[in-house]
Amino acid sequence: MESIEQDSEELRNEHTYRLKLYVAGQTPKCVRAFANLREICETHLSGKYSIEIIDLTKNPQLGRADQILAIPTLVRHLPSPLVKIIGDLSNTERVLVGLSIQTN
């Protein structure tokens, strides 16, 4: 898995989504969550997002800041407010609603 970062100028845009996906290694559920998230972002947020992958098997302390209790967990930091979605993100409609993404 890889992190996807957009140009820093794009990240300053108020319509940019800053997302963190907390995973535990390369488990099938975590890999599926990343693939689903990437597809959702490319389809609905093309050029307006950044994804940071945080592997809690390598850095478990990084989950404390966002109070991660289950994995995989997606955290939307921007736009505010902070939102968390737990699971493999396979229910696209639920993810879109949870992230407040307009589908028009």
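Buried, in this talk, means under 20% relative accessible area, exposed means over 50%, and partly exposed lies in between, with a 1.4 Å probe and protein chains only. By that cut-off Leu-19 is buried, because its relative accessible area is 1%.

Some ground rules. This is a predicted model, where local features need pLDDT of at least 70 and side-chain atom pairs count only at pLDDT 80 or more, while totals for chains, interfaces and linings use all residues. Residues are numbered from 1 along each chain as its sequence is written, and side-chain values use heavy atoms, leaving out hydrogens and water.

Back to Leu-19. It sits in strand β1, residues 17–23. Strands here are DSSP runs of E, at least two residues, numbered from the N terminus. What does Leu-19 touch, beyond residues up to four places away in sequence? Leu-37, Cys-41, Ser-50, Ile-51, Glu-52, Leu-74, Val-75, Arg-76 and Leu-99. Contact means heavy atoms within 4.5 Å.

Take Arg-76 from that list. Arg-76 belongs to strand β3, residues 73–78. A polar atom of the Arg-76 side chain does lie 2.9 Å from the backbone oxygen of Pro-79.

Last, the cysteines. Cys-41 is buried, at 0% relative accessible area. Cys-30 is buried too, at 2%. How many disulfides does the whole structure hold? The search finds 0, taking a disulfide as a pair of cysteine sulfur atoms within 2.5 Å.

Methods: Helices (H or I, at least four residues) and strands (E, at least two) are DSSP runs, numbered from the N terminus. A polar contact is a pair of N or O atoms within 3.5 Å; within protein, one must be able to donate a hydrogen and the other to accept it, and residues adjacent in sequence count only if both atoms are side-chain atoms.
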